[in-house]
Amino acid sequence: MFSYLVRRVAIMLPTLVLVSVVCFVVIQAAPGSFTDRYLEDPRMGPEAVARINAQLGLDRPLYEQYLRWVGGIVTRLDFGYSFFANRPVSTVIGERLFWTIVVAGVTMFFSWLVAVPLGIVTALRRNGFTDAVASFIGYVGLAVPDFLIALLLIALVLQAGGTQVGGLFSPRYIGAPWSWAKLLDFLNHMWIPILAIGTTGVASVMRQMRANLLDVLNADYVRTARSKGLTERRVINRHAVRTAINPLVSMLGLSLPELINGTIIASIVLNLPTIGPLLYDSLLAKDQYVAMSLLLLASLLLMVGNLLADVALAWVDPRIRYD
Amino acid sequence: MPRNRLTTLVTALVLAAWGTALAQPKVVDYPNLGMTPATVGGTLTFPLADSPPTFLYYAQIDNNTQTLTGVVFDSLVEFNLETYAIEPALAASWDVSADGTVYTFHLRQGVTWHDGTPFTAADVVFTYTQIITNPEARAGDAAQFMFTVDGEQRPVTFEAPDDATVVMTLPAPSAAFLLQQRFPIFPKHKLLPFTVEGGAQQADINNAWPTDTPLAEVVGTGPFMYDSYVAGQKVGLVRNPNYWKVDSAGTSLPYAERLDYLVVRGNEAQAAQFLAGNLAVLNISGAQFPDFKDREVAGADFRVVTSPALFGSPPHVAFNFDDPAFSEVFGDVAFRRAMERAVDRERVIDDVYNGLAEIPGTPTAPADGTFYEDTKPLMLPFDLAAAAAALDELGIKDTDGNGVRNVPSGRDLEFSLTYNADSSTFTDIATILQNDFGKIGVKANLVGVQGSALLSTGLAGDYQAIIIALGNQPDPELRKPIWQPGGSLYYWHRSTQPATPGGEPNFAAMADWEKRIYDIFDQGTTLVDRTARVALYKEWQRLNAENVPVIMIAKPANIAAVHENVGNFVYNLGVIPGYNPVPHYYVK
């Protein structure tokens with residue numbers, strides 16, 4: 001197992017280097033420059049813009065800009081500087097990390113909480129009425145983009161005279177110390193992102209669970225368990241579901257990068273203080289080190305998630321051994 | 001509750017007795033704008049389009065930083081909210097020497113920074129010498145204070161003969177100098193370590209006051225003080241009890257006890273937050289107007305307020321004089337005059353702005369009581385038949401029978417029309433123009449670009465025709481780089497620009513009317529006689545109307561939605577230094 005882990009981590013490094021090169025090239029290839037924002041302002045002459053380019057190192061050759069950035073990461077864990085916020089990228093990303101993890105964690109938790117039982121039920125009642133209804137809702141959820149659901153929910157809330165039309169809190173609770181009232185206000189806001197972002201996840205997890213369970217239900221050992229005279233409940237819970245859930249573990253691992261780029265548009269529509277909108281803004285403004293660091297982070301999370309999933313699989317499924 | 005009220009009462013009494021007596025007050029009153037004296041209290045919530053990148057105005061050009069700076073800091077002078085005249089702010093009065101080169105500002109007495117430190121002339125000199133004229137400050141304005149006299153670069157100098165006086169000495173007279181002194185003034189005792197005077201490098205000023213700075217460090221003299229900041233969500237401000245403005249009843253401004261700026265991205269999200277009652281006021285566009293007006297008529301608890309706009313950006317369509325394929329045609333006044341007849345201004349005003357726009361000036365805003373010249377009689381109204389006839393007369397006819405006119409060289413008159421695709425307003429305008437041009441055999445192919453890349457596309461000359469909106473200001477001098485031929489933003493005729501930045505413009509490329517406009521702006525900069533200046537700029541507007549360097553399309557009005565519990569509302573763009581009605585708003 002240990003040597004397997006070492007091998008996997010060793011493969012990640014060159015992949016990350018490749019990803020960083022691709023990120024850099026993609027961002028450089030986009031039209032415009034960070035300093036375009038200065039052009040219309042009457043205060044800014046062309047000389048002033050040239051001076052800012054020099055301050056930011058944008059006048060240096062591209063390979064030099066790239067090497068400096070990578071060098072900073074390798075030697076000092078310094079992800080560069082946000083041109084826009086005049087401070088290190090790590091602090092810019094850091095102040096959004098908490099709510100990003102909370103929002104992603106809570107929505108994922110709820111979508112799994114709904115999806116896994118639904119998947120089991122629809123597999124057991126295969127082609128029945130419940131299956132048809134749940135599958136229909138699942139497919140609609142999968143087909144409708146999350147931001148559209150978000151917009152519809154906002155319109156509904158407005159129609160009903162509600163005030164929670166985006167954000168995580170009512171204005172007066174933002175920055176206030178935690179209290180029961182604040183928690184209640186948070187939950188009152190949070191159900192919209194849970195529904196909007198979670199619905200998409202529900203469908204795929206549910207379908208996956210349903211398919212896995214159907215496979216397992218036809219397996220020999222399930223028939224054996226039944227013929228031993230075990231109760232149907234015990235057969236399903238102890239024998240079938242435990243095996244059927246294994247592939248979902250790898251799905252969980254793969255969804256780690258969604259922390260960053262999974263819900264950009266929904267986060268913008270719902271006005272959530274998460275990393276998604278930051279990535280969007282930095283790409284538009286060509287705040288290159290912020291954008292590149294976020295893209296790099298997303299690919300790192302994907303690889304780490306993959307690795308964790310594989311390790312977890314080995315742990316939950318005795319049939320899998322890596323050595 | 002009674003205790004709170006008592007505190008407020010005591011505070012008010014103390015203020016009346018001491019506060020206003022300490023700071024030399026400025027009595028402000030705008031009965032013509034519908035303002036009435038009010039009482040102190042309540043919270044107002046405004047939208048902020050995004051988190052501010054920094055708390056230091058001079059470190060980044062950004063609307064959100066500018067909006068917050070407007071309510072936390074003061075400048076030497078400010079606008080009269082009604083007439084746009086320049087009035088005292090931190091400078092209680094000033095003298096100008098007879099030759100117009102020495103400005104002596106007498107500072108308001110008893111003003112303190114939010115941390116209690118006295119505000120003095122040293123702060124003003126520090127802000128000007130160490131920050132504004134620092135060439136490395138990303139949102140500084142060093143060029144404004146460097147004059148070219150007899151071909152030689154000479155700076156404006158700043159001195160503080162005593163704590164209450166600032167003297168600025170100019171190398172040559174400058175007509176708009178006073179108007180330009182709306183720079184927010186920053187505290188020397190907090191920012192000194194980031195400046196050359198404090199031992200740092202010039203560029204270090206940009207690192208001062210990032211948004212993770214403790215808010216007790218970020219002090220101004222303005223009506224509100226920073227209280228809380230939650231990244232990506234909210235900026236909380238509290239009332240400055242020692243502010244120097246008072247209303248006609250003697251109550252010290254501002255009226256609102258708290259000001260919350262809610263970070264809400266995007267027009268739709270802001271509209272939803274406003275309709276849900278989470279925002280007190282919201283600036284809206286003509287396209288949003290019908291929806292809001294319907295709701296108002298249906299009994300919603302807000303009103304929609306419209307007013308003619310001085311600031312704000314009227315769109316125009318420009319043809320690239322230096323286009324490789326069509327320079328002879330696009331550079332011809334007769335062609336542009338013909339195309340002006342194919343621009344349906346009335347339809348844009350009715351359909352795109354829902355009637356909430358007016359025929360623009362060329363380009364001065366009609367709301368500008370001083371400089372606006374009514375050039376409507378010189379502008380050509382929409383008339384496709386006349387446009388077609390004018391093109392025929394120029395020899396631009398469809399010679400090959402493919403439905404598209406041919407220029408004398410034989411080439412089809414088919415060109416790209418670049419516009420800002422992020423904005424539904426500009427997309428609509430572009431479509432209307434394309435459609436009408438098509439009806440007279442002129443083929444325009446729409447090219448949508450990102451809003452942030454529009455101006456750089458224009459400046460790079462990478463277009464054939466383009467729709468751009470550039471802002472109006474209360475003095476043409478402030479827009480000189482746009483409208484003076486050879487200026488850095490005179491993008492439709494780039495061959496007039498100097499070969500090297502800062503050098504002599506290319507006079508050889510200029511038409512006679514462009515040379516005249518060049519001279520007008522040159523004279524306007526230094527001419528102190530106001531009447532003569534106004535006459536010069538009126539001549540410029542007539543020249544623009546007759547020669548259509550660009551075809552002005554419409555001047556949108558200001559539209560805002562205001563909840564019924566907000567009193568004394570005056571439209572506020574938020575980002576104009578020295579124009580700040582927020583201290584007057586009160587909670588009913």
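**Close-up views of a predicted two-chain model**

Among contacts in chain A between residues at least 6 apart in sequence, 71% join residues at least 24 apart. Keep that in mind as you look around, and remember that this is a predicted model.

**Figure 1. Chain A as a whole.** Let us begin with the overall picture of this chain. Chain A has 14 helices and two strands. Along the principal axes, its C-alpha atoms fill a box of roughly 85 × 60 × 35 Å. How many of the 323 residues of chain A count as buried? The share is 37%.

**Figure 2. Helices α10 and α14 of chain A pack against each other.** Two packed helices are described by the angle between their axes and the distance between the axes. Here helix α10(A) covers residues 246–254 and helix α14(A) covers residues 288–316. Their axes lie 7 Å apart, at an angle of about 160°. Angles over 145 degrees count as roughly antiparallel, and α10(A) and α14(A) are therefore roughly antiparallel to each other. The crossing of α10(A) past α14(A) is right-handed. On the α10(A) side, the contact is made by Asn246(A), Val249(A), Ser250(A), Leu252(A), Gly253(A) and Leu254(A). Facing them from α14(A), you can find Gly305(A), Asn306(A), Leu308(A), Ala309(A), Ala312(A), Leu313(A) and Val316(A). Sorted by class, the residues of this contact are eight nonpolar and five polar, with no charged ones.

**Figure 3. Strand β17 of chain B is mostly covered.** This strand spans residues 315–319, and five of its five residues are buried. Which residues sit on each face of β17(B)? Pro315(B), Val317(B) and Phe319(B) lie on one side, while His316(B) and Ala318(B) lie on the other. Now look at the strands that pair with β17(B). Strand β21(B), residues 465–469, runs antiparallel to β17(B) and is joined to it by five bridges. As a landmark for this pairing, find Phe319(B), which stands opposite Ala465(B). Strand β22(B), residues 550–552, also pairs with β17(B) in the antiparallel sense, over three bridges. In this pairing, Val317(B) has Ile551(B) as its bridge partner.

**Figure 4. Strand β10 of chain B has a covered face and an uncovered one.** Which residues of β10(B), residues 165–169, belong to the covered face? They are Val166(B) and Met168(B), whereas Thr165(B), Val167(B) and Thr169(B) make up the uncovered face. Strand β6(B), residues 102–107, pairs with β10(B) in the antiparallel sense over five bridges. To find this pairing, look for His106(B), whose bridge partner is Thr165(B). Strand β9(B), residues 157–162, is antiparallel to β10(B) too, and four bridges link the two. One pair to look for here is Glu159(B) with its bridge partner Val167(B). Together, β9(B) and β10(B) form a hairpin with two residues between them.

**Figure 5. Chain A meets chain B.** The contact takes 40 residues from chain A and 48 residues from chain B. On the chain A side, the elements that give two or more residues are α2 (46–55), α4 (89–124), α6 (146–159), α12 (264–269) and α13 (275–285). Which of these elements gives the most? The answer is α2(A), with six residues. By class, the residues on the side of chain A that touches chain B divide into 19 nonpolar, eleven polar and ten charged.

How values were computed: Residues are numbered from 1 along each chain as its sequence is written. Chains are lettered from A and ligands numbered from 1 in the order in which they are written. This is a predicted model: local features need pLDDT of at least 70, side-chain atom pairs count only at pLDDT 80 or more; totals for chains, interfaces and linings use all residues. Axes are lines fitted to C-alpha atoms, for helices over the stretch in contact, and angles run from 0 to 180 degrees between N-to-C directions. Angles under 35 degrees count as roughly parallel, over 145 as roughly antiparallel, 65 to 115 as roughly perpendicular and the rest as oblique. A crossing is left-handed if the near helix is turned anticlockwise from the far one by less than a right angle, and right-handed if clockwise. Two residues are in contact if their C-beta atoms, placed from the backbone, lie within 7 Å. Ala, Val, Leu, Ile, Met, Phe, Trp, Tyr, Cys and Pro count as nonpolar, Asp, Glu, Lys and Arg as charged, and the others, Gly among them, as polar. A residue is buried if 20 or more other C-beta atoms lie within 10 Å of its own, exposed if 12 or fewer, and partly exposed in between; C-beta atoms are placed from the backbone. Two strands pair if DSSP finds at least two bridges between them.
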